[in-house]
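Could you walk me through this structure, one selection at a time? I have it open in a viewer and would like to know where to look next.

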Amino acid sequence: MNLEDQCVSLEYAKKLKELGLKQECHFSWVNINDGYKIWPSHMLNNHVCSAFTASELGEIQATEFISKEGWKGDFNITKFIDKNNQMTWCCSYGHARASFDSKLCDAMAKMLIRDIEEGNFKIE
């Protein structure tokens, strides 16, 4: 498995930065020779945005969700084969809120982005 498979995709990394998530993690997206690569953050002075791993997003993600309507759901991660016979990750709070992707860290990033945009996650 290569590093790009273990870190959040550039699209979601840029969105998390735009939303104000602290850019502190082990890896960063950098622009090298007109292409984007992931490099260890400690080796860089300037980076495009943080390339969070699933483990790092797990440290950030809320473990429980309480909706404005009052229902609760614990954070769950499930891996399954979808109808197109593709491996898919599902991150959810109970049965009502879910995000899906072929990469675990992208499914987690989608969930976090939605929570921030909807005001369900406060960035400190």
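Welcome! Begin by selecting Met1, Asp5, Gln6, Ala54, Trp89, Ser102, Lys103, Leu104 and Cys105: together these residues line the second largest pocket. Keep in mind along the way that this is a predicted model.

**The pocket**

With the lining still highlighted, colour its residues by class: 5 are nonpolar, 2 are polar and 2 are charged. The space inside the second largest pocket comes to about 160 Å³. Which helices each supply at least two residues of this lining? Show helix 1 (3-6) and helix 4 (104-117), and you have them.

Next, switch to a cartoon view and find the open sheet of 3 strands, which run in the order 2-1-3 with antiparallel pairing. Strand 2 (35-40) and strand 3 (49-50) are the edge strands, each pairing on one side only. Now select strand 1, residues 27-32, which pairs with strand 3 in the antiparallel sense over 2 bridges. To see where the two strands face each other, pick Ser28 and look across to Ser50 in strand 3, which stands opposite.

**The aromatic pairs**

Now for some rings. A pair of aromatic rings is described by the distance of the centres and the angle of the planes. How many aromatic pairs does the structure hold? There are 2.

For one of them, show the side chains of Phe75 and Tyr93: their centres are 5.4 Å apart and their planes make an angle of 55°, a tilted arrangement.

Then move on to Phe80 and Phe100. Their ring centres lie 6.2 Å apart and their planes stand at 90°, so this pair is edge-to-face. Here too, distant parts of the chain are linked: Phe80 belongs to strand 5 and Phe100 to strand 7 (residues 97-101), 20 residues apart.

Phe80 has a relative accessible area of 29%, so it counts as partly exposed. Phe100 is partly exposed as well, at 43% relative accessibility.

Key
Residues numbered from 1 in each chain as written. Predicted model: local features only at pLDDT ≥ 70, side-chain atom pairs only at ≥ 80, totals over all residues. Heavy atoms only, no water. 1 Å grid on protein atoms, 1.4 Å probe; cavity = no way out; pocket = protein on both sides within 12 Å on 5 of 7 lines; lining within 4 Å. Points joined across faces, edges and corners; volume = space filled by probe spheres on them. Helix = DSSP H or I, 4+ residues; strand = E, 2+ residues; numbered from the N terminus. Nonpolar A, V, L, I, M, F, W, Y, C, P; charged D, E, K, R; others polar. Pairing = 2+ DSSP bridges. Phe/Tyr/Trp six-rings, centres within 6.5 Å; stacked < 30°, edge-to-face > 60°. Buried < 20%, exposed > 50% of the residue type's maximum accessible area, 1.4 Å probe, protein only.
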